[in-house]
Each structure stands twice: as structure tokens, then as C-alpha cells.
Amino acid sequence: MTTARGEVADVVVVGAGLAGATIAALSAGRGYRVRVLDNGGRAGNSGAEALPAGVHSVLEELGLREQIVAAGARRSEYAVLDWGNGSAPWRSPVTGPGSYDHGYHVDYAALVELIRRRAGELGATLEPSVTVTGPVVSNDVVTGVYVRDRGSDDGTHRIPARFVVDASGEDRVIAGGFGDRVSDPASTRHVHRTRLSPEQATGEPEVFHTEAQADGALWRWVLPCADYVEVGQLRRPEQDRDSTCTVWTPWSSQRIAGPGWLAVGDAAGVSDPLFLSPATVALLAAQAAAEMLHSVLSGLADGVEMSARYVDAYTETLRCTREFAAFCLDPSRQRQTEAELVRDLTGMLNSREFGPALGRTRRALEGNGPLFDCECPEGPLVSALEMPLPRG
């Protein structure tokens, strides 16, 4: 037998990682009663992140544009991509509209902690050491969650909610009850991260540098933060015997939303290990999800219709960012000339299949619009990636 615990919350967020903390803070800032349930596990990666100019829209809404610098973020001016084909690396400024003229290099854990604190300041209640065991479902609608307190024999309780957000990462505590996880083991990569002191590292302090090596078997990056420089590697499993790595495999949840619930961040899917700023995509997805929640909870939009639009838009975003990552990881790129690379990449960005969603994603990362808009799901049909023109 289970017992109810607490009053009905407007929003229960399962997981206090990057996506969960963000949607909790945004929803609390709109005046909703938010409870964040977290089992105390590690939130996301243990390294650094390069955030492009698009992150400013979320930081501004949360009132954190000044605080992120105090939290140790370093200003980012350029992103350099070296395809390893002998051509000059592509160097792109990290700029957006108006004052969004830069990005940040930031420690991931520090970023999560900053947004968690802001969620609390805005009124969200964080409940650590709580294990969510699954959704409460009534007439096919999620109406809350079942929980147990870690280390307690007090049994299982029900926490009622008007809406439940699954931000539990790969655990998929809610989404897992409605469908399997579909993964692609053939695309698995091993991720290695090493921290150097600024004195030990070489390179430009305000530049995120990525490069392909060893005929595409290895991607390497250098990411300067305020207190350290991260040197990372992305390797094929068959060429890596180091067991200290983190294993990355793309996957997606069969269902990412339904009546009374949605999944966001890694609970919805993992599609890109490096190339289109996975952390910023998670932040912007949480921002879009918070806007969708507000429309539903305030009665401005029909929940069933908005849920369907959310599924379509987010699924398409994951599919296209995964395709972009696959394009970059394809070892044949290192054998192409610059003109051939530009031709193939332009073809993908202008294609009917991938162009619209990739265009929206690129514009969002640059600060020129939302990642997706459930009230206007078609979005702007614009595809833009700054690339050099073919020579000759």
C-alpha cells in the first residue's frame, strides 16, 4: 500500500542534472509549484563544455548572465574545426545577435550547480536522496510519481503532480515505463578527458579547438576553462584498450511524451558526443519544454496537441543532430578536399530531409531563435553553417 506525500505540485521534475535543473528553474520563475526529486547521483559528464552564443537566451531568462562568469565560466570567442584532411582549419566566430557576441567555456558540474541554486531561489523545492520508482498513472494519464527515501524502510509514497518531467538521464524513470530505449551500438565511442593547468597547455585561451586525427579513428579537442584546460579524445572502441574511459552510445526513447508527462535531455535521447554543443542543446530543449508546460498548465493550449507537437519537434531535433554527428565522424571526411567537404555538408544542410531541423538547431545555437516551438512547430526553414567557400 502506498501513501500520498505532500500537496499536488504543478510540476514534478525527476532528476536535477542540467536539463532537469533548467526546466525546474524556468517553471518556478513562471510561478509554478515545482518539486525536484533527485537520487543524488552524478549529474552528466565530469568535464567541461563549450557553450555557443545561443546559451544567452536561457541565462537571460534565468537572470544568470552575470553569475555564470562568477561561477568560473570563461569567455569564448572562436570555434576551430580541423577535419584532418590537410586543408586549413575552419575558424568560426562565436557570435549571435545584439549583445550575444560570445559564448562560454564552463565546467559542467559548476554550471549545473549554478542553475540548481537559481531554481531554489525562484521557489523550486529540491529533494535529494529520493528514488523515483515509476509514474503514477490514472486513465492513461500520468498524475504523479512513486518514490522511496534512500536508506529508509518507510515504504513507497505517491507524490501527486499536474505534470511530470522525466530528466533522469539514462535511467528514464518515467519514459522507460512507456517504451524501450533504441540504441545504435555500432556508433559507440570512448570518451577520455584530461585536465591540464593553464601553464601546461598550449593554444588560444578563448578558442574551442577540435581536430580529427588518425584517419578519423580519433577526434581530439582542447577546451580552456578559467581554472584548467580540458584535453579530450573521442576514440573508436576497437582501437582503445583504456578502461578508464566513458562510453558514449547514441540512443533514443521510443516515447518522449504523453498525457501528463514529457522527457527532456538525456532521458529523451543522446545523439551527439561533441559537434553541436550537446549541453546547449539540452539547455535549449529544456527551455522549449518549459514554454510548452506553461502553455498547457495555464490552459492556453490543449495538452494532447502540444504533447504531439513536442514529440515531433524534439524527435526531429535528435534525429538530425545525430545525422550531423555521423557526418563528422565518418572517416571518409579526412580523405576529402575542402571543396568536397563544403559540397557534401551544404547538400545535407539544404536537403529536405535534414535541412529544416538542422537549420533551426544552428540558429538556436547562435541565439537566433528557439530550438523548437511547439506552438509553431514548422519553424523557420533556414539552414546556415559558416563555412569557407571552395577555392579555385
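User: What is the handedness of the crossing of H2 and H5?

Analyst: This is a predicted model, and in it helix H2 (residues 55–62) packs against H5 with the axes 9 Å apart. The angle is about 50 degrees, which makes H2 oblique to H5. As for the hand, the crossing of H2 and H5 is left-handed.

User: Which residues of H5 make the contact with H2?

Analyst: On the H2 side you'll find Val55, Ser57, Val58 and Glu61. By class, the contact of H2 with H5 has 4 nonpolar, 3 polar and 1 charged residues. The H5 residues in that contact are Thr280, Leu283, Leu284 and Gln287.

User: H5 also meets H6; are H5 and H6 roughly parallel or antiparallel to each other?

Analyst: The axes of H5 (residues 278–297) and H6 (residues 303–329) come within 10 Å. They cross at roughly 170 degrees, and angles over 145 count as roughly antiparallel. H5 and H6 are therefore roughly antiparallel.

User: How many charged residues are in the contact of H5 with H6?

Analyst: From H5 come Ala285, Ala289, Met292, Ser295 and Val296, and they meet Gly303, Met306, Ser307, Tyr310 and Tyr314 in H6. Those residues divide into 7 nonpolar and 3 polar. The count of charged residues in the contact of H5 with H6 is: none.

User: Now H1 and H4: at what angle do their axes cross?

Analyst: Helix H1 (residues 18–29) and helix H4 (residues 108–121) have axes that come within 8 Å. The pair is roughly parallel, because the angle falls under 35 degrees. The axes of H1 and H4 cross at roughly 25 degrees.

User: How many nonpolar residues does the contact of H1 with H4 have?

Analyst: H1 brings Leu18, Ala21, Thr22, Ala24, Ala25 and Ala28. H4 brings Tyr108, Leu111, Val112, Ile115, Arg116 and Ala119. With 1 polar and 1 charged among the residues of this contact, the nonpolar count is 10.

User: Stepping back, what is the radius of gyration of the protein chain?

Analyst: The chain has 8 helices and 22 strands. The globule rule gives 21 Å for 392 residues, and the chain's value is close to that, so it is as compact as a globular protein of that length. The radius of gyration is 21 Å.

User: Where does pLDDT stay under 50?

Analyst: The chain averages a pLDDT of 89, and 92% of the residues score at least 70. Where pLDDT is low, the predicted coordinates should not be read in detail. The stretch that stays under 50 is residues 377–392.

Methods
Residues are numbered from 1 along each chain as its sequence is written. This is a predicted model: local features need pLDDT of at least 70, side-chain atom pairs count only at pLDDT 80 or more; totals for chains, interfaces and linings use all residues. Side-chain values use heavy atoms; hydrogens and water are left out. Axes are lines fitted to C-alpha atoms, for helices over the stretch in contact, and angles run from 0 to 180 degrees between N-to-C directions. Helices (H or I, at least four residues) and strands (E, at least two) are DSSP runs, numbered from the N terminus. Angles under 35 degrees count as roughly parallel, over 145 as roughly antiparallel, 65 to 115 as roughly perpendicular and the rest as oblique. Contact means heavy atoms within 4.5 Å. Ala, Val, Leu, Ile, Met, Phe, Trp, Tyr, Cys and Pro count as nonpolar, Asp, Glu, Lys and Arg as charged, and the others, Gly among them, as polar. pLDDT is the predictor's confidence in each residue, from 0 to 100. The radius of gyration is taken over C-alpha atoms; the globule rule is 2.2 Å times the number of residues to the power 0.38. A crossing is left-handed if the near helix is turned anticlockwise from the far one by less than a right angle, and right-handed if clockwise.
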